[in-house]
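Here is a short report on one protein model. Look at the structure first, then read on.

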Amino acid sequence: MEGVERALAQPHLDLPRKCFRRPVLTSSHSLAKEATSYGVEQKPDFVIVEVPPPTHGKLHKPVTGDYATWSRCPSFIEVKAKTGDIPRNRRSNNATGTLTQAADYARVIMIARPFQLYVYGLLFCGHSFVLALFDRRGVVVSKDYSIKSPEGLKNLIRILVRLLWDASPEELGHDPTVSLVQNHSYCQDYAKQYPRFQFSMWSDTRSWTTFGPPIWTYPSLLGRGTSVWRTFAPDGSAMVVKMAWRTENRMSESDIYQEIARIYNSRLDELPRGMAQFYEGRDVMYLGERISVYRLREPVDPYGPHKVGDEPAPRGFSAHLRVSQDEPNAFLHRVTFADTGKPLWEYTDINQLAKVLYMVIYAHQDLCEHGIIHRDISVGNVLIRTDVSITTNAAGEQTVTVTDREPPEGFLTDFELAKVAPTYPPTKVRVCSPVLWRNLVMTHS
């Protein structure tokens with residue numbers, strides 16, 4: 001891989017370098033520890049890590065294993081000794097061990113890089129290799145090639161050129177509507193400052209800016225891929241933004257919030273304080289189209305525009321990345337709330353925890369009496385309400401301060417799986433009595 005880089009850097013080729021990434025051998029040691037534990041002890045044989053541009057020239061000096069972290073890694077390479085371990089797209093049950101291991105690496109990358117919509121993994125088994133694409137709906141495997149054949153060797157070189165030299169972050173799976181704020185990078189030390197991101201919501205020019213790490217990230221590869229962020233809205237107000245994949249045949253979470261508001265308005269009732277205050281939301285748009293799994297899985301060219309010798313790069317290899325569209329499509333959806341909060345497990349004392357749960361329980365009871373069942377209450381869907389302030393020093397540097405609301409308040413989020421009754425007469429719903437929580441609050445107040 002270093003030989004490919006050195007060859008591309010030859011002055012007579014005059015090839016511009018669009019990105020700076022380096023392969024790091026990690027088979028002999030673990031990836032560097034990060035503030036968040038991602039629940040995996042294994043690691044790929046090689047990771048492709050983001051590196052800062054060199055001061056001079058196009059080549060970056062080799063990096064050590066201490067630099068390699070999951071958050072700096074958009075892609076990976078796994079090596080197996082036996083050719084029989086190669087996954088083949090003609091047999092879905094072939095080499096499931098190889099794909100399972102690789103899928104776990106992709107899962108961790110998506111946790112460490114929540115704006116990663118999919119992950120490429122280059123899988124070597126003996127002299128054969130495949131390119132695999134992992135997303136929230138599964139894995140797509142290319143045709144297998146052998147490095148013993150001229151065609152296979154050329155394809156491998158082209159893929160390495162794309163991974164290390166000129167593939168944009170978006171071409172490697174990064175959300176095209178999200179960018180790093182100026183002077184922030186995936187290369188920075190996360191322990192000192194978590195990078196800030198800027199993203200658009202729809203097809204307009206407004207943008208939201210994150211601050212701090214995500215409140216919550218989805219721990220599995222398959223599914224909704226939820227991430228929840230503290231952000232500053234275009235008008236400077238602090239908000240919570242949730243991003244998740246929704247199945248096309250399911251009512252969007254934004255529509256569910258609007259339906260809940262319609263029910264309450266029809267009865268001249270106020271929404272419960274212990275429920276997230278919906279602001280706006282819809283499917284994410286890019287270049288006039290909704291971002292979907294089908295769209296992301298369309299054939300891409302992993303080789304790029306380069307030529308090897310006098311032969312143009314073929315597109316046939318990328319055609320094998322097309323997948324059957326028998327399963328329902330999924331769309332990337334964003335929801336904003338005129339609220340800010342912190343995870344429930346970050347409560348300061350038992351008094352705060354009890355009052356937060358007390359408010360949420362009453363909100364849930366009120367929703368039930370209006371014919372609305374949440375159906376997905378968990379520790380990750382209850383937030384402690386906070387206030388956010390910004391101070392600016394003489395040098396123009398901003399400091400964000402998050403403080404707990406007094407008296408403590410909590411609110412219920414994530415109504416994506418909520419069930420709304422077809423009719424909405426007042427109903428008597430049997431719920432767990434809040435007496436125990438009221439007694440607990442009074443005991444510790």
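Which residue takes a positive phi in the hairpin of E12 and E13? Gly-236 does, with phi near 90 degrees, and the hairpin has five residues between the strands.

This is a predicted model, in which local features need pLDDT of at least 70 and side-chain atom pairs count only at pLDDT 80 or more, while totals for chains, interfaces and linings use all residues. Residues are numbered from 1 along each chain as its sequence is written, and side-chain values use heavy atoms, with hydrogens and water left out.

**Strands around E13**

Helices (H or I, at least four residues) and strands (E, at least two) are DSSP runs, numbered from the N terminus. Two strands pair if DSSP finds at least two bridges between them.

E13 itself covers residues 238-247. Eight of its 10 residues are buried, so E13 is largely enclosed by the rest of the structure. Buried means under 20% relative accessible area, exposed means over 50%, and partly exposed is in between (1.4 Å probe, protein chains only).

Helix H3 spans residues 150-166, 17 residues in total. From first C-alpha to last, H3 reaches 23 Å, close to the 24 Å expected at 1.5 Å a residue. The expected span is 1.5 Å times one less than the number of residues in the helix. H3 is largely enclosed by the rest of the structure, because 12 of its 17 residues are buried. Among them are Asn-155, Arg-158, Arg-162, Trp-165 and Asp-166.

Helix H7 has 20 residues, 350-369. Its reach is 29 Å, close to the expected 28 Å. Buried residues in H7 include Asn-351, Leu-353, Val-360 and Cys-368. Asp-349 caps the N-terminal end of H7. A side-chain oxygen of Asp-349 lies 3.1 Å from the backbone nitrogen of Asn-351. Just after H7 comes Gly-371, with a positive phi of about 80 degrees.

What does the side chain of Asp-376 make a polar contact with? The partner is the side chain of Arg-224, at 3.2 Å. A polar contact is a pair of N or O atoms within 3.5 Å; within protein, one must be able to donate a hydrogen and the other to accept it, and residues adjacent in sequence count only if both atoms are side-chain atoms. Asp-376 also touches Asn-381, Asp-414 and Leu-417, leaving aside residues up to four places away in sequence. Contact here means heavy atoms within 4.5 Å.

Arg-375 has a positive phi, near 70 degrees, though the residue is not glycine. At 53% relative accessibility, Arg-375 counts as exposed.

**Other backbone features**

Leu-268 is a residue other than glycine with a positive phi, near 55 degrees. Leu-268 sits in the loop between helix H4 (253-266) and strand E14 (278-283). Is Leu-268 buried or exposed? Leu-268 counts as exposed, at 80% relative accessibility.

The peptide bond from Glu-406 to Pro-407 is cis, and its omega is near -5 degrees. Pro-407 belongs to the loop between strand E23 (398-404) and strand E24 (410-412).
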